[in-house]
2 protein chains.
Amino acid sequence: MSLLVVGSVALDTVETPHGKVEEALGGSAVYFSLAARLFTDVKLAGVVGEDFPEEWKGLLSEKGIDIAGLDVRSGKTFRWNGMYRGTMNEATTLGVDLNVFGDYEGRLGEELRGCDYVFLANGSPVLQRSVIRQMKEPKLIVCDTMDHWIESHRGELDKMLSELDGVVMNEGEARMYTGESNLVAAARKLLESGVRFAVVKKGEHGALGMTREGAFALPSVPVEEVRDPTGAGDSFGGAMMGYMAGEKAHGHETLRKAVAYGCVVASFTVEDFSVERLAGVTRDEVEERFRAYAEMLRLEEQ
Amino acid sequence: MSLLVVGSVALDTVETPHGKVEEALGGSAVYFSLAARLFTDVKLAGVVGEDFPEEWKGLLSEKGIDIAGLDVRSGKTFRWNGMYRGTMNEATTLGVDLNVFGDYEGRLGEELRGCDYVFLANGSPVLQRSVIRQMKEPKLIVCDTMDHWIESHRGELDKMLSELDGVVMNEGEARMYTGESNLVAAARKLLESGVRFAVVKKGEHGALGMTREGAFALPSVPVEEVRDPTGAGDSFGGAMMGYMAGEKAHGHETLRKAVAYGCVVASFTVEDFSVERLAGVTRDEVEERFRAYAEMLRLEEQ
């Protein structure tokens with residue numbers, strides 16, 4: 001089924017203990033799409049400035065991502081500058097220039113409004129709700145968010161949760177939004193806000209999912225050298241949504257498997273800077289790692 | 001096979017957001033034994049003072065734990081006073097009185113020295129090495145430790161690792177001991193110290209294991225209300241060692257399943273204060289939860 005992602009397309013400057021990249025391809029919608037394209041057709045809606053390299057548009061198109069909804073505005077592309085240290089579980093933001101993304105209203109063309117599966121990548125809840133209102137007959141709408149919006153747009157977020165099917169947050173955000181320190185209790189509280197499922201991303205520790213049928217936890221794939229965690233969460237979301245759209249299903253068991261694919265695809269993302277590894281990965285490589293992951297988790301006799 | 005644990009037997013005063021207990025039954029060897037007895041015969045070696053309640057000796061014996069090696073000395077029993085807040089992943093120690101445990105030398109009788117499987121629960125590396133030297137023909141010796149010993153007895157710990165088969169540490173200790181922030185890299189470094197396997201306990205996030213055949217990660221069982229995390233790690237170790245001793249095996253696949261049992265049994269421990277839940281749990285209850293856990297992790301088609 002058709003999958004739409006609305007989110008940021010960025011130029012990232014990132015430093016980790018393993019190196020540094022400057023103005024590399026990044027942004028939530030980019031990582032999401034590059035993961036989702038492994039499972040289904042994906043359409044990207046977002047905005048860039050006139051300085052956005054043609055080469056990267058070419059890369060996205062070449063990977064089968066429909067970027068007809070990527071607006072080009074006069075001005076500069078969104079830039080993010082971050083650093084990872086220590087356990088590398090959280091980025092330290094050194095600088096953010098929203099640039100053209102600051103005024104982005106997310107106006108969608110006819111074709112995008114007809115998509116079945118929708119992911120509202122991290123962005124203002126005002127933008128996210130405007131997208132929800134434009135959709136014609138969506139089968140599943142899921143959003144991500146971040147601490148900034150929880151602090152500054154709590155009211156909009158609360159309203160949005162009742163308009164959604166599912167929500168994805170990282171560990172710290174789920175605790176902050178719900179006020180629950182226990183993550184299972186936090187996921188339960190998210191469900192009580194009106195969504196049908198909640199997924200809590202735990203970085204190196206995997207993810208926790210909850211539907212009305214119950215909670216499940218899955219570990220991350222053990223990765224010995226995490227070179228750059230940027231985009232791990234967005235590519236997790238992309239694989240998760242891509243798998244569900246590909247399966248045309250989003251019940252408890254499909255979600256659980258989708259989260260497993262999210263963990264597997266994210267483990268490729270972190271192996272190199274920017275989209276270096278993710279953009280090159282094939283479905284066969286994903287399936288091979290998925291089989292090893294399933295084997296690692298198999299506890300019943302065969 | 002016979003399993004020996006040498007460690008602390010304590011009176012714990014613990015406060016969590018869910019309540020408080022005073023001078024309740026605790027100690028690493030106690031939690032370990034109560035978990036291990038679900039899988040195999042277990043013998044406990046340790047020391048208590050004259051103030052240790054007869055009732056609790058009765059409880060341990062009743063559960064089939066051999067406490068012939070539990071010395072009673074004149075003086076007071078080891079006391080620990082701790083508190084859990086927030087995510088409850090780490091205890092804040094408010095007070096420690098080693099009392100008779102401070103002088104404990106771990107002299108073992110003939111029968112205990114003949115045990116096949118040995119677990120050196122958290123204690124001074126000097127005590128732990130003294131136990132290693134007394135064992136006759138051990139098949140598997142595994143130790144736990146804590147930050148205090150890593151800081152104060154680094155040299156003894158280094159020597160001990162080359163005398164052991166396996167090591168269990170929590171997340172923070174593994175990072176501190178190896179200097180690696182990536183836990184997979186930390187586990188690898190532990191293996192390079194001479195052990196055949198390393199298990200890193202990650203509290204609410206489960207555990208990571210590593211043998212020469214590779215790394216594996218398993219999540220914890222989702223628990224919505226963690227009333228008291230005290231003893232979760234020790235009962236994890238008890239179930240893990242108990243399962244291996246019961247199976248008379250300790251290769252990669254047995255260890256992986258043993259770690260899964262560790263996660264399952266720890267999930268009972270945290271459901272109530274002290275040993276309230278753990279002491280009452282039956283093997284049938286463990287198997288039932290293990291089946292649900294295996295089902296949660298099953299990713300292949302049946």
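This is a predicted model: local features need pLDDT of at least 70, side-chain atom pairs count only at pLDDT 80 or more; totals for chains, interfaces and linings use all residues.
Strand β12 (residues 207-211) of chain B is itself mostly covered, with five of its five residues buried. The residues A207(B), G209(B) and T211(B) point one way from the strand, while L208(B) and M210(B) point the other way, and burial applies to all of them.

These strands belong to an open sheet of nine strands in chain B, in which the order is β5-β4-β1-β8-β9-β10-β11-β12-β13 and the pairing is mixed. The edges are formed by β5 (66-73) and β13 of chain B, each of which pairs on one side only. Between neighbouring strands of the sheet the average turn is 15°, with direction ignored. Helix α9 (residues 232-247) of chain B packs on this sheet, where the helix touches β1 (3-6), β4, β8 (117-120), β9 (140-144), β10 (166-170) and β11 of chain B. The direction of α9 makes about 170° with that of β8(B).

A further position in chain B is F52(B), which lies in the loop between β4 (42-49) and α2 (54-62). Because 21 C-beta neighbours fall inside 10 Å, F52(B) counts as buried, the threshold being 20 or more. When residues up to four places away in sequence are not counted, F52(B) touches V72(B) and T77(B). Between F52(B) and A245(B), by contrast, there are 193 residues in sequence and 29 Å in space, taken from C-alpha to C-alpha; V72(B), one of the contacts of F52(B), falls within the range of the edge strand β5 (66-73).

The arrangement of the two chains was then examined. Chain A is superposed on chain B by a rotation of 180° with 0.0 Å of shift along its axis, at an RMSD of 0.0 Å, and this is therefore the relation of a two-fold axis. The same surface serves both copies, as 97% of the contact residues of chain A recur in chain B. The contact takes 33 residues from chain A and 32 residues from chain B. On the side of chain A that touches chain B, the elements giving two or more residues are α8 (183-192), β13 (214-218), α10 (252-269) and α11 (283-297) of chain A. By class, this side of chain A comprises 18 nonpolar, seven polar and eight charged residues.

As to confidence, the mean pLDDT of chain A is 96, and 100% of the residues of this chain reach 70 or more. For the model, the scores are ipTM 0.95 and pTM 0.96.

Conventions:
Residues are numbered from 1 along each chain as its sequence is written. Chains are lettered from A and ligands numbered from 1 in the order in which they are written. pLDDT is the predictor's confidence in each residue, from 0 to 100. Copies are superposed by least squares on the C-alpha atoms of residues with pLDDT of at least 70 in both. Two residues are in contact if their C-beta atoms, placed from the backbone, lie within 7 Å. Helices (H or I, at least four residues) and strands (E, at least two) are DSSP runs, numbered from the N terminus. Ala, Val, Leu, Ile, Met, Phe, Trp, Tyr, Cys and Pro count as nonpolar, Asp, Glu, Lys and Arg as charged, and the others, Gly among them, as polar. A residue is buried if 20 or more other C-beta atoms lie within 10 Å of its own, exposed if 12 or fewer, and partly exposed in between; C-beta atoms are placed from the backbone. Two strands pair if DSSP finds at least two bridges between them. Axes are lines fitted to C-alpha atoms, for helices over the stretch in contact, and angles run from 0 to 180 degrees between N-to-C directions.
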